[in-house]
Amino acid sequence: MTVDPNAATQSWPSPEPERRSGPARYLIPALVAAAVAVALGAYGKVHDPAGTAFNLAGFSSTGAVKSWLATVAFFFALVQLVSALMLYGKLPGPSWSATLHRWSGRVAFLVAVPVAVHCLYALGFQSYESRVLWHSLLGCFFFGVFSAKMLLLRSERLPGWLLPIVGGLVFTTLTILWLTSALWFFRTFGVTT
């Protein structure tokens, strides 16, 4: 049997997967965010704190390491904020502001992960004073809302206000985490390495 290359082809359905529409495209990221936050909080609560998770040469304590890493993450979160304002046309910016936004977010997240590992493994979820309780709650919330943001980035046809709101939640949460940990550490123990 031979195939005629000029013969009309039959139209087949598009191989693209069916896109989620309606509330499901918002509900799934919200459920993932809640699951991540609750899982981190539950692990932090039931885990027996080890007291230390890591230390880096040149630092006087694990608190100093955690505070400086959190400060680096906060700095890159500020870069995220400025580059997002450039992307949305609220500030003038170079043509590479989208690249700056993506890479500063990646660096901020990668630097925040060892801080979270230290907090969960070495300290756990604690509530002995209000600052520590808020820090524990917001640490879990941060990784939940960050997970939701990453899922929403892959969605198409989102309302224009949604990503700035979720990104703002990520930034605000990281800012409060920095204030309740690194800034508190530097004010209590001094700016040490």
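This is a predicted model: local features need pLDDT of at least 70, side-chain atom pairs count only at pLDDT 80 or more; totals for chains, interfaces and linings use all residues.
Which helix does Ala 42 lie in? Ala 42 belongs to helix H1, which runs over residues 24-46.

The protein has 193 residues, of which 36% count as buried. Its secondary structure consists of 5 helices and 0 strands. Followed along the sequence, the pattern reads α-α-α-α-α.

Phe 125 stands 83 residues away from Ala 42 along the chain, yet their C-alpha atoms are separated by 8.0 Å. Ala 42 has a relative accessible area of 38%. Buried would mean under 20% and exposed over 50%, so Ala 42 is classed as partly exposed.

Next comes helix H2, covering residues 62-87. The length of a helix can be checked against the number of its residues. H2 has 26 residues, and at 1.5 Å a residue these should span 38 Å. After H2 comes Gly 89, with a positive phi near 75 degrees.

The loop between H2 and helix H3 (97-123) also holds Leu 91. The relative accessible area of Leu 91 is 36%, so this residue is partly exposed.

The same length check can be made on H3. Its 27 residues should span 39 Å at 1.5 Å a residue, and the distance of 37 Å between its end C-alpha atoms agrees. H3 is followed by Gly 124, whose phi is positive and near 75 degrees.

Side chains of opposite charge can pair when their charged atoms come close. A search of the whole structure turns up 1 salt bridge. Arg 131 forms a salt bridge with Glu 129, and their closest N and O atoms are 3.3 Å apart. Glu 129 is partly exposed, because its relative accessible area is 35%.

Helix H4 covers residues 130-153, and a loop connects it to helix H5 (162-189). Arg 157 lies in this loop. Its phi is near 55 degrees, a positive value in a residue other than glycine. Arg 157 counts as exposed, because its relative accessibility is 58%.

Leu 153 is placed in helix H4. With 43% relative accessibility, Leu 153 counts as partly exposed. Leu 163 is 10 residues from Leu 153 in sequence, and the two are 7.7 Å apart in space, C-alpha to C-alpha.

The last feature is empty space. Rolling a probe the size of a water molecule over the atoms shows where empty space is left. The largest pocket has a volume of about 940 Å³. It is lined by 28 residues, and those closest to its centre are Gln 80, His 101, Lys 149, Met 150 and Leu 153. The elements giving two or more residues to this lining are H2, H3, H4 and H5. H3 provides the largest share, with 8 residues.

Key:
Residues are numbered from 1 along each chain as its sequence is written. Side-chain values use heavy atoms; hydrogens and water are left out. Helices (H or I, at least four residues) and strands (E, at least two) are DSSP runs, numbered from the N terminus. Buried means under 20% relative accessible area, exposed over 50%, partly exposed in between (1.4 Å probe, protein chains only). A salt bridge is a side-chain nitrogen of Lys or Arg within 4 Å of a carboxyl oxygen of Asp or Glu. The expected span of a helix is 1.5 Å times one less than its number of residues. On a 1 Å grid over the protein atoms alone, a cavity is a set of points where a 1.4 Å probe fits but cannot get out, and a pocket is an open set with protein on both sides within 12 Å along at least five of seven lines; lining residues have an atom within 4 Å of a point. Grid points are joined across faces, edges and corners, and a volume is the space filled by probe spheres set on the points.
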